[in-house]
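I opened the notebook to record what I looked up, entry by entry.

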Amino acid sequence: MADIIYLGTPITFDPFVVEFFLAIQNGATLLTSRHSMRDFPSKVLSALFPDNLATPGITILQMTPSLFRQFGASSIRERVLSRSSSLRVLLLGGEPFPSNAELVTWTNPSVLMQKHICNIYGITEISCWSLLHIVQSLQSPVPLGTPIDTDTILRIGCQDDGTPQQGELFLGSAKRRCYIPEVDDQAKEDSVICFRATGDLVTRQRDGTLFYSERSNDVVKRAGNRISLGVITRKIQKCLPSTELTTCLWLEDLQKLICCIRSLEAKTRVEQRVQTFDILSKVSIAEQPDRFVYLQHFPCNVHGKLDKQQLLKMCIPLAQPAQQILKSYLHDRLECVEESDDNLPKKQRLEDAAPCGYDLSFRQAGGTSFHAITICREIGLQMCIDDEQRHLFEMLLDENIPLRTVLRFLDTAKLVANNIKRKNVEPAVVASSCQGLIIKRIEQPVLKLQFYWKVNFEKCIDSPVNEYEGRFICVGAHSKILRTLNPQTGSEYSAVKLPDRIECKVTFLSEQLAMVGCYDGCLYGFNPQTGDIVFRVGIGGMIKSQPMLTADGRRIIVCSYADDYNVYCLSAERQEVLWCLRIGEKPIFASPLELPREQSLIVCTLDGSYSRVAITDGSVEWTQKYSEPVFSTPVLLESMSNIFLSAEVAGRVHACHVGNGKILATFSTEGNIFSSLVVKTPPTFMGHSFAVFGCIDQHVYCLRCKTGSGGKSVDFELHWKVNVGAPVYATPTLLTVQPNGLLVWCAATNGRVMLMNFRNGEIQWSDKLPGEVFSSACFIEDLRRIFVGCRDNFLYCLGI
């Protein structure tokens with residue numbers, strides 16, 4: 001009667017009955033809470049184990065391991081499973097019991113003498129729990145346990161190999177029998193003992209002890225190999241620290257194996273890659289995941305179990321162009337990259353003539369026939385001609401064909417716009433045959449945009465919107481308010497009130513640090529999640545240009561309207577001034593362009609001067625000058641290019657050489673250009689890049705740019721231009737929307753917003769916001785949402 005039982009199970013989940021009637025039968029106390037509280041583990045923890053000594057804590061807790069983990073290892077150790085806590089019995093069931101490695105992070109062996117930690121097992125068809133085991137040691141594997149009553153009978157169904165020690169577990173009872181019409185009405189014999197299949201595969205030791213192995217439906221067929229998701233999960237779990245969890249999912253329609261890893265601490269890309277390759281080295285080729293996804297929490301369903309359907313939705317890979325699929329696979333799985341990759345400027349080169357990078361064949365790069373099948377299956381879904389899929393497979397396995405040739409083949413192959421398996425329309429008809437994969441093409445659906453939410457900033461929003469890893473968006477306004485918002489709901493994470501107006505785009509350094517310039521002449525570092533100001537650096541003039549974090553993460557570059565020095569370089573760690581200088585005679589509006597290979601910057605000013613500056617010491621390497629100011633941020637023509645593009649406000653777009661700044665080509669429009677240029681090099685246009693920008697002459701332009709040999713010449717050609725009915729000040733945004741492909745988002749000053757086809761400029765959707773639009777938009781591909789500021793004081797969220 002002295003026990004306090006937490007009634008935390010939803011009424012739709014049968015353990016609720018156990019909690020409820022266990023208290024009723026014994027005259028114990030029930031502690032209840034709102035179901036919505038489960039979304040806040042810290043609140044639940046405080047209610048179950050209050051800090052106030054006058055309020056008693058619970059003594060019996062029944063939960064799924066997934067829900068229990070949400071308390072966090074440190075809180076479990078210090079408040080739930082400490083010697084001083086009120087808890088007497090912990091029942092964990094409904095899912096595989098935690099590993100010994102995880103248990104030791106939760107409690108000390110001495111606590112087992114004081115509290116019962118139990119693995120409890122059962123199924124609804126036998127009226128909930130049937131087996132129970134009280135943990136005696138943190139080092140020994142935890143079995144399923146023994147029957148909790150004398151009427152429960154266990155039976156193991158032999159697998160195909162006839163091994164009696166391993167098979168599916170059946171639970172039977174003459175008394176504990178739940179009526180299931182679709183099963184029991186078909187039964188021919190009215191047996192005294194009714195056995196129910198659990199769907200769980202178990203292993204029976206010689207002494208009769210039962211251990212859980214995996215779900216019977218976790219075995220899938222992959223490229224002719226039968227693999228067990230449970231076995232792969234256990235193998236990978238052994239490679240992880242005790243604080244991390246993993247589960248493997250199977251994406252049936254793409255035949256992809258996805259490994260999800262829950263890491264409470266965010267890992268850098270380098271740390272992820274190191275761990276990924278360690279895992280790949282310890283599983284067989286047939287067991288190697290196609291994709292690794294790192295998350296900081298796993299979702300639970302309403303019954304507290306791991307929600308694999310929701311997890312799968314979070315992990316489904318977005319469709320990619322065929323070339324990118326192959327490049328990503330080469331990079332992520334085989335560590336094969338193009339020799340001159342910008343990301344590897346110091347990579348050691350082989351002094352002999354041995355091939356490397358994309359000059360290797362797929363086999364030489366470490367690829368196997370299994371890898372080739374995996375790649376061809378995904379890329380094949382985009383191919384219109386089944387012969388091309390077979391030809392791709394043969395090319396990958398031919399040791400005389402370099403990867404560069406394979407990539408060129410993919411560039412010329414006839415592809416549907418995007419991976420049709422991912423289209424949210426009527427599914428395609430896909431069938432296997434001896435000739436290959438046959439695909440019935442589906443027309444692209446009409447684009448529609450839906451209004452989701454808007455947030456009032458009290459004054460107009462001219463600042464470009466920015467986002468961080470799809471998790472939050474941030475923008476400032478003329479009201480001096482800087483807000484960080486949830487991109488799905490628009491709810492506020494934090495709000496900061498700066499001393500003056502904000503027209504600068506926010507730069508994220510991490511999830512806990514971002515920076516923004518203000519009209520008061522200061523650069524502010526702030527925590528986007530809390531709104532706390534982390535640092536403030538006086539620059540001496542208005543900052544409209546987006547501050548830049550250099551590629552090595554060591555320096556911050558700030559351009560401003562200051563009278564003395566309009567370019568500052570600060571240390572990223574301490575925000576100390578490393579160097580400063582003045583370029584030209586007027587302020588700087590455009591953001592700088594970094595040249596990582598050259599360790600330098602391109603900076604353009606409002607008197608038309610543009611210079612290349614060394615990042616290390618601020619020395620000016622060359623200076624040139626246009627006849628008119630530059631508001632547009634310069635951009636490289638391609639990632640590896642020796643050519644950059646910039647635009648004079650007078651309407652002239654220039655292609656200039658990185659080495660000396662000399663103009664190589666010019667294209668003239670009929671109006672002023674305040675918009676920055678956006679460059680794209682689609683894989684289906686070999687040798688061509690495209691530059692998109694808006695103009696005050698009420699047009700959006702798309703230029704086709706063809707570079708000559710050696711990157712010393714450029715030809716501009718008008719690909720298309722579209723009249724949008726009003727001047728365009730904001731920078732267009734390029735976005736990929738499946739299954740429509742690449743689109744151009746544009747906003748005009750009269751509030752008209754539209755989506756255009758990137759290939760021909762055709763307007764596919766258009767609407768109008770209540771005010772003028774000068775803000776450049778932000779797009780989060782995973783959410784298919786666009787965020788744009790308006791001069792009616794609102795930030796708008798539109799979903800495709």
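**Entry 1: rings**

I began with the aromatic side chains and found that ring pairs link F589, F631, F674, Y729 and F774 into a cluster. I note here that the model is a predicted one.

I then searched the whole structure for such pairs, and the search returned 24 aromatic pairs. Planes under 30 degrees apart count as stacked. This pair links distant parts of the chain, with W622 in strand β35 (residues 620–625) and F644 in strand β37 (residues 643–647), 22 residues apart. I checked burial for both, and W622 and F644 are each buried.

I next took F667 and Y701. Their ring centres lie 6.2 Å apart with the planes at 70 degrees, so I put this pair down as edge-to-face. The cut-off for that class is over 60 degrees. F667 belongs to strand β39 (residues 663–668) and Y701 to strand β42 (residues 699–707), so the pair links distant parts of the chain, 34 residues apart. I looked up accessibility too: F667 has a relative accessible area of 15% and is buried, and Y701 is buried at 2%.

**Entry 2: charges over rings**

I looked for charged ends placed over aromatic faces. One case is R155, whose charged end sits over the ring of F170, 5.5 Å from the ring centre. Another is R483, which lies over the face of F457 at 4.9 Å from the ring centre.

**Entry 3: salt bridges**

Side chains of opposite charge can pair when their charged atoms come close. I ran the search over the whole structure and it gave 18 salt bridges.

I looked up K235 and E287, which form a salt bridge with the closest N and O atoms 2.9 Å apart. K235 lies in helix α7 (residues 229–237) and E287 in the loop between α8 (269–280) and β16 (291–295), so the pair ties together parts that are 52 residues apart in sequence. Is K235 buried or partly exposed? I find K235 partly exposed, with a relative accessible area of 35%. E287 is buried, its relative accessible area being 12%.

I then looked up D552 and R555, where the closest N and O atoms of the salt bridge are 3.5 Å apart. D552 has 36% relative accessibility and counts as partly exposed, while R555 has 11% and counts as buried.

I also looked up R652 and E648, whose side chains meet in a salt bridge at 2.9 Å, N to O. R652 counts as partly exposed at 26% relative accessibility. E648 is buried, with a relative accessible area of 2%. I noted one network as well: salt bridges that share partners join D462, E772 and R791.

**Entry 4: V44**

I picked out V44, which lies in helix α2 (residues 41–48). Its relative accessible area is 5%, so I list V44 as buried. The cut-off for buried is under 20%. What is V44 in contact with, leaving aside its neighbours within four places in sequence? I find contacts with Y6, M37, R38 and F71. I also checked V44 against G8: the two are 36 residues apart along the chain, and their C-alpha atoms are separated by 9.5 Å.

**Entry 5: a surface patch**

F21 is found in helix α1 (residues 15–26). At 49% relative accessibility, F21 counts as partly exposed.

**Entry 6: totals**

I closed with values for the protein. I count 13 helices and 50 strands. Of the 800 residues in the protein, 53% are buried. Among contacts between residues at least 6 apart in sequence, 52% join residues at least 24 apart. The accessible surface comes to about 36,600 Å², and 49% of that belongs to carbon and sulfur atoms.

Note on methods. Residues are numbered from 1 along each chain as its sequence is written. This is a predicted model: local features need pLDDT of at least 70, side-chain atom pairs count only at pLDDT 80 or more; totals for chains, interfaces and linings use all residues. Side-chain values use heavy atoms; hydrogens and water are left out. Rings of Phe, Tyr and Trp (its six-membered ring) pair if their centres lie within 6.5 Å; planes under 30 degrees apart count as stacked, over 60 as edge-to-face and the rest as tilted. Helices (H or I, at least four residues) and strands (E, at least two) are DSSP runs, numbered from the N terminus. Buried means under 20% relative accessible area, exposed over 50%, partly exposed in between (1.4 Å probe, protein chains only). A charge sits over a ring if NZ of Lys or CZ of Arg is within 6 Å of the ring centre and within 35 degrees of the ring normal. Contact means heavy atoms within 4.5 Å. Accessible areas come from the Shrake-Rupley method with a 1.4 Å probe; for residues, only the protein chains shown count as cover. A salt bridge is a side-chain nitrogen of Lys or Arg within 4 Å of a carboxyl oxygen of Asp or Glu.
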